[in-house]
Amino acid sequence: MSFHTVEQAPGRLNRSELAVPGSQPQLFEKAAKSDVDVVFLDLEDAVAPDDKVEARKNIIQALNDIDWGAKSMSIRINGLDTHYMYRDVVDIVEQAGERLDLIMIPKVGTAADVYAIDMLVTQIEDAMGYKKRIGFEHIIETALGMQNVTEIAAASKRNESLHFGVADYAASTRARTTIIGGVNPDYAVLTDPDTNGGRDVHWGDMWHYALARMVVAARANGLRPIDGPFGDFSDPDGYKAAAQRAAVLGCEGKWAIHPSQVALANEVMSPSDADVTKAERIIEAMKQAAAEGKGAVSLDGRLIDYASIRQAEVLVEKAAQIAAG
Ligand code: GLV
Ligand code: MG
C-alpha cells in the first residue's frame, strides 16, 4: 500500500438513484414508497425555466412533509452558469436542510466549482446550526469535467460520489449516439474474413473509456462511482446490460429515470448469494492459510492470496450493508 491513506466517503447505499422532477410533485409519494436507495429531486434539466421557482417550493415542502424513510435524499441544483443555482442552494438548504443528505452538482467543470458551492453550503449550515454535513454528488458530463475529474474528485471533504452523465457528455464531446446510455452499432470491430470469407461484427461499448476514467478518479479519492441514465425505459434488458458493464468496471450504482428501473439497478448492483458464500469461503480459507503461515493457497483449484481477501471483504461488507438497509 501507498503511505497515502485514501479516506472513504460515508458508506451510503447507492445501488439505485431515482431522478424525480421537482416540478412534478404527483410523483413524490411513489418515489418515497419505492425501494430506491437514493432519490434526487431535480431542479435542473427535467424542469422547464418557467417552473424552476415552483419546483424549488415543491421540493422544500416534500423534504419537510413526506416520510422518505431511510432513503438518502438529494437535490440536483442548476448549473453554476445559471442564476437559479444560488437560490436552489440557499432556499433549500435553509428551509429543508435537516432532511437533505446530498447535493448533486451538474456539469461540474473544475475544482473551483466545487469550492464555490462548498463555501455557500458551509455558511448556510453554520448559520442554521445544522449538525449534519451535506455531501456532494458530482455529475461528470462535460469534456471539461472529465479532463479535470481527478481534481474535482479531491476538491472537497463533502464529496461522496461521481456520476457519469452520459447524455450531456455525448453532447459535450459531440459523440454520435442513438439512445441515452445505449451503444452505437458504428462503434464496432469487423473481424478479418474467415476461410469462407465470412466476417463478424463485434459491437463495442463506446462509453468504456469515459466510465473507466471516472471510476479510477472516484476510487482513488474514496468516492462511489455511479453510472448515469439509460433512456429507453421500455428496454429492461438493455438497461441491465448497461448496468452490468458499469458494475464490472467498479461502479456501485446506476440511475433510474423511471421507477421500473429501480429494481433492475438494485438487482445488478447487489452481490448474489453465491458471490457472498464464495467470498466467505475465501476469507475462511485465507484465515486458515495465515494460521499455517502461508500467504497464498488454492480454493476450488484456483489461487487466492491477500488481494482475494480484500475483494471478498468488500463484497461481504456490502451484503451486510444491504441486509441492514
Ligand atoms: C445526466 O444528467 C446526463 O446528462 O446524462
Ligand atoms: Mg445532464
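Arg56 is buried, at a relative accessible area of 7% (buried means under 20% relative accessible area, exposed over 50%, partly exposed in between, with a 1.4 Å probe and protein chains only). This is a predicted model, where local features need pLDDT of at least 70, side-chain atom pairs count only at pLDDT 80 or more, and totals for chains, interfaces and linings use all residues. Side-chain values use heavy atoms, with hydrogens and water left out, and residues are numbered from 1 along each chain as its sequence is written.

**Salt bridges overall**
- The structure holds 24 salt bridges, each one a side-chain nitrogen of Lys or Arg within 4 Å of a carboxyl oxygen of Asp or Glu.
- One network of salt bridges links Asp42, Glu44, Asp45, Arg76, Lys107 and Asp168.

**Asp88 and Arg56**
- Asp88 pairs up with Arg56 in a salt bridge, with 2.8 Å between the closest N and O atoms.
- That pair links distant parts of the chain, 32 residues apart: Asp88 sits in helix α3 (residues 85-96) and Arg56 in helix α2 (residues 52-65).
- Helices (H or I, at least four residues) and strands (E, at least two) are DSSP runs, numbered from the N terminus.
- Asp88 counts as buried too, at 0% relative accessibility.

**Asp168 and Lys107**
- Asp168 and Lys107 form a salt bridge, their closest N and O atoms being 3.2 Å apart.
- Here Asp168 is in helix α7 (residues 166-173), while Lys107 is in the loop between β4 (102-105) and α4 (111-128), 61 residues apart.
- Lys107 is partly exposed, at 31% relative accessibility.

**Arg281 and Asp300**
- Arg281 meets Asp300 in a salt bridge, 3.0 Å from N to O.
- Arg281 lies in helix α11 (residues 273-291) and Asp300 in the loop between β11 (297-299) and β12 (302-304), so the pair ties together parts 19 residues apart in sequence.
- Arg281 is partly exposed, with a relative accessible area of 37%.

Technical notes. Chains lettered and ligands numbered in written order.
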